Amino acid sequence: MPLAQGQALVPGLTVISATPERDAEALEEAAAWCLRYAPLTAPDSPNGLWIDATGCTHLFGGEAATLADIVKRLGRSGITSRAAIADTPGASWATARYGTDPITSVPPAEAAEALRPLPVAALRLDAETITGLRRLGFERVGQLLDAPRAPFALRFGQLVIRRIDQAPGSVSEPIEPIAPPNLVSSRLAFPEPLLTPEALSHVIARLTALVCGELERRGEGARRLDLIFERIDRTEQAICIGTARPNRTLGHLGRLLDEQLERVDPGLGIEAMRLAVPLAEPIGFAQPRVSLIGDENTGADVSVLVDRLVNRLGAPKVYRAAPVESDVPERSVRRVGPLSPLAGARWPKNLPRPARLLRPPQPIETLAMLPDHPPAQFVWRRHRHRIRHADGPERIGGEWWVSDRERSAVRDYWQVEDVDGRRFWLFRSGDSVDPATGDLRWFLHGFF
Amino acid sequence: MEQGHGTAAKLAALRASIARIGQLAKAAGSVISFGVPAIDGCLPGGGLALGALHEVTSGGPDIEHGVAAMMLSAGILARLPGQVLWALERPDLFAPALDGVGLQADRVIYAEAGNAATVLLIMEEGLRHAGLAGVVGELSGNLSLTASRRLQLAAEQSGVTCLVLRRSRRHDDALFSEPTAAATRWRVTAVPAPAMLTHAPETPGLARPRWRLDLVRCRGGEPASWIVEATDETGHLCVPADLADGPATALSQRRRAVGG
């Protein structure tokens, strides 16, 4: 009905203009996203996606699991969907749109059977043909499949016949896949297989030069690089590196790859090498910082240094420390990434903290008067330390929001100096007044 | 007379060419002073040379934990601009202590190496990037002459100061007397501090910690030893007030046979 009539029927009707071009683009993007499930995907306007998942479903745990994963992930982006998988495209199209369950997996060789109970509209025919068929009394696909075919060709044209043939798979129907986004990659094959690290290094330099040139043409920098070695015995070895910021410097990327070279086993020889960039990001041209005040530290250097360290040690081993708002000392520090933005947060001043912290705190034997006196001496690792001066107590309470056991736990910390001048951080668990706060054992927690 | 002048000129030219050849030229390079005239006076150039390798050890039983060495290094680096790379063998460092001497948490990048060889690799890696304030490495075990020379060369080329904190399970480890290519070698030992209030010694509390700071070896200078108060929250050392007026503020000891 025309819009004016609709607005007359329902006062306050919300009207949103349709944008078919934007919808088509979004559908293309969804088809490109589905490349994670299979290499051949295509959009099926106005509201569907084709995925040729031959041989790919085992990677996601089976057909039903793959479909459930697709529907779930699309659901997270706010798209409700129905999915079906079958031997033939026609059967899957029909089952997805007209089947009873939102997720159906049609067993192999049963495509025709699955189509039988579905309405005639499930055969991808145009509206006129469908109305004509229904007027003739054909409601279900099963009736069409059983009836003689010649009268259909006369009445409705070849399309009906073709669809009836495609349904059980007697006629094949390939989909036109979209082209995957083209990634930068270059490959070099050698007339003779290479074995020595020097030769491989040389080839790495050449490949990196080619890839960096292409990245520069596109204005992008690499975030991940995959270097694949193809051996003579048809197996492949790969090394992967990553950078913290998009980078296309030849020296830096080449050196990162060279460092990982020792992990590669060349076997009897390497006949080709391929360098691909699975993740690239646009790189902005940064104006070089020119300043007469020469004490600006160059932030760019640190990201290069961090890349080298992370690729050598692994990302969890390179970090900065950041304060956590917690009184308990072992929880007051957390690790953040080395290039995270500077927060400028600091620990509370005037609270002395030791340079080395023992994890866990070590029990010690002491002689101390309760409740507020530091120990006169303590024994740790069979050494007796006599205490000359002490400072404290600093009372640190447990955090009831972290664990129930800590609800009333209390530690009294003392910073002590022994007769040799060494300083230690001791604590007594419990305030000696309420037995629920601790059992009055003494521990050594750190060294000053 | 002319011959005297000629000889003097030749000697001056020879000294200049020796200085040009290598290490002594660094004395004219940049330094960071300790702020204590007694210490700065003994160092060539009036302070700790930047862009060079320095070794720091803790004396006494603290050699295992290296706490005093760590505080001294942190105090030096707190006063230099830029980021610091700290290479660890074991993750037992507690970051709030560094914050307490002025080396804020944002400035330090930690790298856990796991063993001594990787610590040296990481230090060299860090020394190739000019723009860092300094590179600190905690090392147990031997620091060979070749390894230390590589670190020294890398530090010279980039101008990044390199500090090696040497730790060991054994007291007076013989490994620490081996020669290395470090520009200076320090040993820091905790000594008993007096009471917090001199007029009321029974008052509970702790005074500022005290160290005996030994310059064990210095290229272009003589070994010496001082009693100082530990680094404060700005990273500075200072001479204790009760010794400042005494006759022996700097105990210079000529130790010929001291290691390295």
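**Ground rules.** I'm working on a predicted model, where local features need pLDDT of at least 70, side-chain atom pairs count only at pLDDT 80 or more, and totals for chains, interfaces and linings use all residues. Residues are numbered from 1 along each chain as its sequence is written, and chains are lettered from A and ligands numbered from 1 in the order in which they are written.

**The sheet.** I looked up a sheet in chain A and found 4 strands in the order β5-β8-β6-β7, an open sheet with antiparallel pairing. My strands (E, at least two residues) and helices (H or I, at least four) are DSSP runs, numbered from the N terminus. Two strands pair if DSSP finds at least two bridges between them. At the edges I have β5 (185–194) and β7 of chain A, each with a single partner strand, so one side of each has no neighbour in the sheet.

For contact I use C-beta atoms, placed from the backbone, within 7 Å. Axes are lines fitted to C-alpha atoms, for helices over the stretch in contact, and angles run from 0 to 180 degrees between N-to-C directions.

**Helix against helix.** How do α10 and α11 of chain A cross? The axes of α10 (residues 197–218) and α11 (residues 250–259) come within 9 Å and cross at roughly 140°. That makes α10(A) oblique to α11(A); the cut-offs are under 35 degrees for roughly parallel, over 145 for roughly antiparallel, 65 to 115 for roughly perpendicular, and oblique for the rest. On the α10(A) side I list A:Ser201, A:Ile204, A:Ala205, A:Thr208, A:Ala209 and A:Cys212, and on the α11(A) side A:Leu250, A:Leu253, A:Gly254, A:Leu257 and A:Asp258.

**Chain A meets chain B.** I get 44 residues from chain A and 42 residues from chain B in the contact. On the chain A side, the largest share, 7 residues, comes from α12(A). I also found β9(A) pairing with β5 (residues 108–112) of chain B, antiparallel over 2 bridges. Opposite A:Val318 I find B:Ala111 in β5(B).

Which peptide bonds did I note as cis? One runs from A:Arg359 to A:Pro360, with omega near -5°, and A:Pro360 lies in strand β11 of chain A. Another runs from A:Gly392 to A:Pro393, with omega near -5°, and A:Pro393 is in strand β13 of chain A.

I then looked at positive phi outside glycine. A:Arg234 has phi near 65° and lies in the loop between β6 (220–231) and β7 (236–247) of chain A. Is A:Arg234 buried or exposed? A:Arg234 is exposed, with 7 other C-beta atoms within 10 Å; the cut-offs are 20 or more for buried, 12 or fewer for exposed, and partly exposed in between, with C-beta atoms placed from the backbone. For A:Asn350, phi is near 65°, and the residue lies in the loop between β10 (333–336) and β11 of chain A. A:Asn350 counts as exposed, with 6 C-beta neighbours inside 10 Å.

Note on methods. Contact = placed C-beta atoms within 7 Å.
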